[in-house]
Amino acid sequence: MENFRKVRSEEAPAGGGAEGDGPGSGPFADLAPGAVHMRVKEGSKIRNLMAFATASMAQPATRAIVFSGCGRATTKTVTCAEILKRRLAGLHQVTRLRYRSVREVWQSLPPGSTPGQTPGEPAASLSVLKNVPGLAILLSKDALDPRQPGYQPPNPHPGPSSPSTAPTSKRSLGEPGAGEGSAKRSQPEPGTVDEDRKA
């Protein structure tokens, strides 16, 4: 591919996959008309997405929000959904995974810049079809069907996680802990002479 450059990238027409999503219908067909759809892209800033999503979900008319992203934006999509679930308690979640077909068109470099290509030859093109994973996460204030695949109930303990209650040691500052003092070499008391040094 070193002798080619990418000319364009376009979404391939849907081939009637298992989910039956037509173009524009989305992964959640039964959404209310007032639902907010956030398309997360690779270059999106999380703070900008979260500012808009939080403001939208604060309105009483907005009952649901969908975060969707594909390719390199899937991790950012999950991060946005998890942040919103921590900020707003009681959100029901449904996650859907699907694949999007993307057709990339590559064209050979101009004549003369490629070794072995004669100047009068037309530029060759190459078409590549890729299946890119995509993720859509629905967060709803209203209860959803718990039997549908990908459902997660609301978190019973919202907010930041509390620090762990690990048992604290009751030893004083000068005492060695369990197993600490056995590896240290004992120091002689000042003013006493070691018997090995006398001999």
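1. Arg-87 lies in helix α2. The model is predicted, and the points below should be read as computed from it. Beyond its sequence neighbours up to four places away, Arg-87 touches Met-50 and Thr-54. The C-alpha atoms of Arg-87 and Thr-54 are separated by 8.0 Å. Along the chain these two residues are 33 residues apart.

2. Now the helix pair. Helix α1 spans residues 46-58 and helix α2 spans residues 74-87. Their axes come within 10 Å and cross at roughly 40 degrees. That angle makes α1 oblique to α2. The crossing of α1 and α2 is right-handed.

3. Which residues of α1 and α2 make the contact? From α1 come Ile-46, Leu-49, Met-50, Ala-53, Thr-54 and Met-57. From α2 come Lys-76, Thr-79, Cys-80, Ile-83, Leu-84 and Arg-87. By class, the contact of α1 with α2 has eight nonpolar residues, two polar and two charged. Met-50 and Thr-54, the residues touched by Arg-87, are both on the α1 side of this contact.

4. Next, the second largest pocket. About 220 Å³ of space lies in the second largest pocket. Its lining has 15 residues. Nearest the centre of the second largest pocket lie Asp-30, Leu-31, Leu-138, Ser-140 and Leu-144.

5. What do β4 and β5 supply to the lining of the second largest pocket? Strand β4 (92-108) and strand β5 (125-140) each give at least two residues. By class, the residues of this lining divide into eight nonpolar, two polar and five charged.

Conventions
Residues are numbered from 1 along each chain as its sequence is written. This is a predicted model: local features need pLDDT of at least 70, side-chain atom pairs count only at pLDDT 80 or more; totals for chains, interfaces and linings use all residues. Side-chain values use heavy atoms; hydrogens and water are left out. Axes are lines fitted to C-alpha atoms, for helices over the stretch in contact, and angles run from 0 to 180 degrees between N-to-C directions. Helices (H or I, at least four residues) and strands (E, at least two) are DSSP runs, numbered from the N terminus. Angles under 35 degrees count as roughly parallel, over 145 as roughly antiparallel, 65 to 115 as roughly perpendicular and the rest as oblique. A crossing is left-handed if the near helix is turned anticlockwise from the far one by less than a right angle, and right-handed if clockwise. Contact means heavy atoms within 4.5 Å. Ala, Val, Leu, Ile, Met, Phe, Trp, Tyr, Cys and Pro count as nonpolar, Asp, Glu, Lys and Arg as charged, and the others, Gly among them, as polar. On a 1 Å grid over the protein atoms alone, a cavity is a set of points where a 1.4 Å probe fits but cannot get out, and a pocket is an open set with protein on both sides within 12 Å along at least five of seven lines; lining residues have an atom within 4 Å of a point. Grid points are joined across faces, edges and corners, and a volume is the space filled by probe spheres set on the points.
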